Amino acid sequence: QSSRQIGRVAASRLKARLSVRWSSTGDTVAPELAACLPAIDTSSTLRKLLDVFAAVERSRVTLPPFEVEGCQDTKALTTIAAQHYKKAFSKNALEIAGSLRALGNPLGLARGIQRGLEDAVREPIQGLLNAQSSDEPLEAFAVGFERGARSLAKHAVGGTAGSLAQITGNISRAASHLALDDAYLAAQRAKDDARRDGDAAGVIDTREEDIAAVDGLASGFDSFVGGIVDGVTTLVQAPVRGAEAGGAVGAAKGAAKGAIGMVVKPVVGVADAATDVLRGIRDTTDDVDEDGDEDRRVLDLLRDSVSLQKRPARALYGRERVLRAYSYNDARALSMLLQACDELLGDLPPGADAFLERVSLGNSSELVVAEGAVALLRETGVDFVAPASLVLGCKREKSGK
């Protein structure tokens with residue numbers, strides 16, 4: 001055995017979004033993750049209960065910094081780290097409980113409404129400030145007022161509809177387990193997974209608002225009718241299939257199963273209909289691209305904090321936004337690029353805040369390249385800025401000089 005000790009291991013504070021789904025299959029938890037989680041029974045029945053009552057939607061989890069010195073080996077280090085992060089997760093228990101899908105993610109709804117109210121106040125004020133330097137002050141104020149009203153509607157009305165859709169979807173998922181029909185349960189799970197995957201990927205309906213609402217109503221009607229049809233079909237077919245498989249006893253079991261399906265499946269259909277209608281309402285108000293909204297918020301925060309900063313904000317590198325040692329030149333270049341995007345393009349291209357490289361061109365000029373934008377900087381300011389998607393076919397070559 002080696003007597004070498006691990007010198008020092010440190011991890012900074014971590015903030016993350018946590019979403020949890022419980023699979024009904026026999027998949028096991030990764031050993032690395034299992035070390036940090038309490039031991040639980042992974043039977044199929046418990047997984048179904050966890051999937052209904054313990055699914056978590058985008059919970060904000062904060063993990064404190066971790067530092068240890070002089071560990072004997074990696075096993076001891078793993079044990080200490082597991083205990084540290086178990087305690088950290090227990091401190092986030094209320095936050096996680098407030099993000100349960102079974103409750104409609106109430107914390108997420110509350111934060112959304114708060115954000116909508118903030119925008120409803122901030123955007124008109126920003127419009128008034130812009131009106132002072134605008135040739136059309138009334139239009140500038142109207143734009144700010146419209147942005148604030150849209151954000152409030154999006155987060156209050158759309159957020160409430162989305163939260164209720166999670167609750168009704170959870171009722172549908174719970175009731176579908178009572179139908180005692182594996183094929184029906186698999187079809188319902190596929191439908192629910194499609195909804196979850198769309199929400200997780202941030203898929204937003206970009207069509208006209210009235211079309212999103214009509215689609216929600218149409219899909220809800222289909223779900224309602226489909227639930228009734230499935231219930232009647234089960235009531236008729238289950239006794240016949242039971243008799244074919246087990247005679248009179250099988251027919252009796254089939255009749256009981258058909259009666260249960262006749263009650264449960266229309267209930268699932270009603271819950272699915274409510275979910276589809278509520279999702280249609282949510283998509284109607286959610287016509288603003290979330291990434292674009294976030295990018296605009298980043299620009300606003302950068303602009304509002306300029307007067308308070310003694311130095312430019314730290315640059316984050318690459319698509320993964322890697323944190324490196326502070327570089328004033330990189331930070332200044334990225335700050336000028338973002339400001340130019342705001343002033344000249346009127347928007348922040350996706351990935352413009354992900355710094356890649358500065359290329360010196362001589363004569364006190366340099367090319368600043370980010371993941372989503374490119375800018376040409378000179379001593380007098382920014383001469384050129386464009387989204388990276390428009391700068392195609394460029395190839396960087398090294399000269400032999």
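A: In this dialogue, helices (H or I, at least four residues) and strands (E, at least two) are DSSP runs, numbered from the N terminus. The structure shown is a predicted model.

Q: How many helices and strands does the protein chain have?

A: Counted in that way, the protein chain contains 10 helices and 10 strands. Among them are helix H5, which covers residues 106-131, helix H6, covering residues 137-176, and helix H8, covering residues 209-285.

Q: What share of the residues in the protein chain is buried?

A: A residue is called buried when its relative accessible area is under 20%, and exposed when it is over 50%. Of the 401 residues in the protein chain, 34% are buried. The chain exposes about 23,900 Å², and 59% of this area is supplied by carbon and sulfur atoms.

Q: Why are Arg122 and Asp119 separated by about one helical turn?

A: Both residues belong to helix H5, and because they are three residues apart there, about one helical turn separates them. Their surroundings may also be compared with the cut-offs: Asp119 has a relative accessible area of 2% and is therefore buried, whereas Arg122, at 23%, is partly exposed. The two residues also belong to a network of salt bridges that includes Glu123.

Q: Where do Arg150 and Glu146 lie?

A: Arg150 and Glu146 are found in helix H6, four residues apart, which is about one turn of the helix. Their side chains form a salt bridge with an N to O distance of 2.4 Å. Arg150 is partly exposed at 37% relative accessibility, and Glu146 is partly exposed at 34%.

Q: Does Glu366 count as buried or exposed, and what is its relative accessibility?

A: Glu366 has 16% relative accessibility, so this residue counts as buried. The side chain of Glu366 meets that of Arg358 in a salt bridge, at 3.1 Å from N to O. Arg358, at 30% relative accessibility, counts as partly exposed.

Q: Which residues form a positive surface patch?

A: A residue can join a patch if it has over 30% relative accessible area and no salt bridge. Here Arg13, Lys15, Arg17, Arg58 and Arg60 form a positive surface patch. Strand S2 (14-20) and strand S3 (56-63) are the elements that each give two or more residues to the positive patch. Arg13 is placed in the loop between strand S1 (6-11) and S2. With a relative accessible area of 54%, Arg13 is exposed.

Q: Which residues make a nonpolar surface patch?

A: A nonpolar surface patch of about 970 Å² is made by residues including Phe221, Phe224, Val225, Ile228, Leu235, Met262 and Val270. Val225 lies in helix H8. At 32% relative accessibility, Val225 is partly exposed, and the cut-off for patch residues is over 30%.

How values were computed
Residues numbered from 1 in each chain as written. Predicted model: local features only at pLDDT ≥ 70, side-chain atom pairs only at ≥ 80, totals over all residues. Heavy atoms only, no water. Patch = residues over 30% accessible without salt bridge, like charges linked within 9 Å, V, L, I, M, F, W, Y side chains within 5 Å. Areas by Shrake-Rupley, 256 points an atom, 1.4 Å probe, with all protein chains shown as cover. Salt bridge = Lys/Arg side-chain N within 4 Å of Asp/Glu carboxyl O. Lys, Arg positive; Asp, Glu negative; His and termini not counted. Charge placed at Lys NZ, Arg CZ, Asp CG, Glu CD. Buried < 20%, exposed > 50% of the residue type's maximum accessible area, 1.4 Å probe, protein only.
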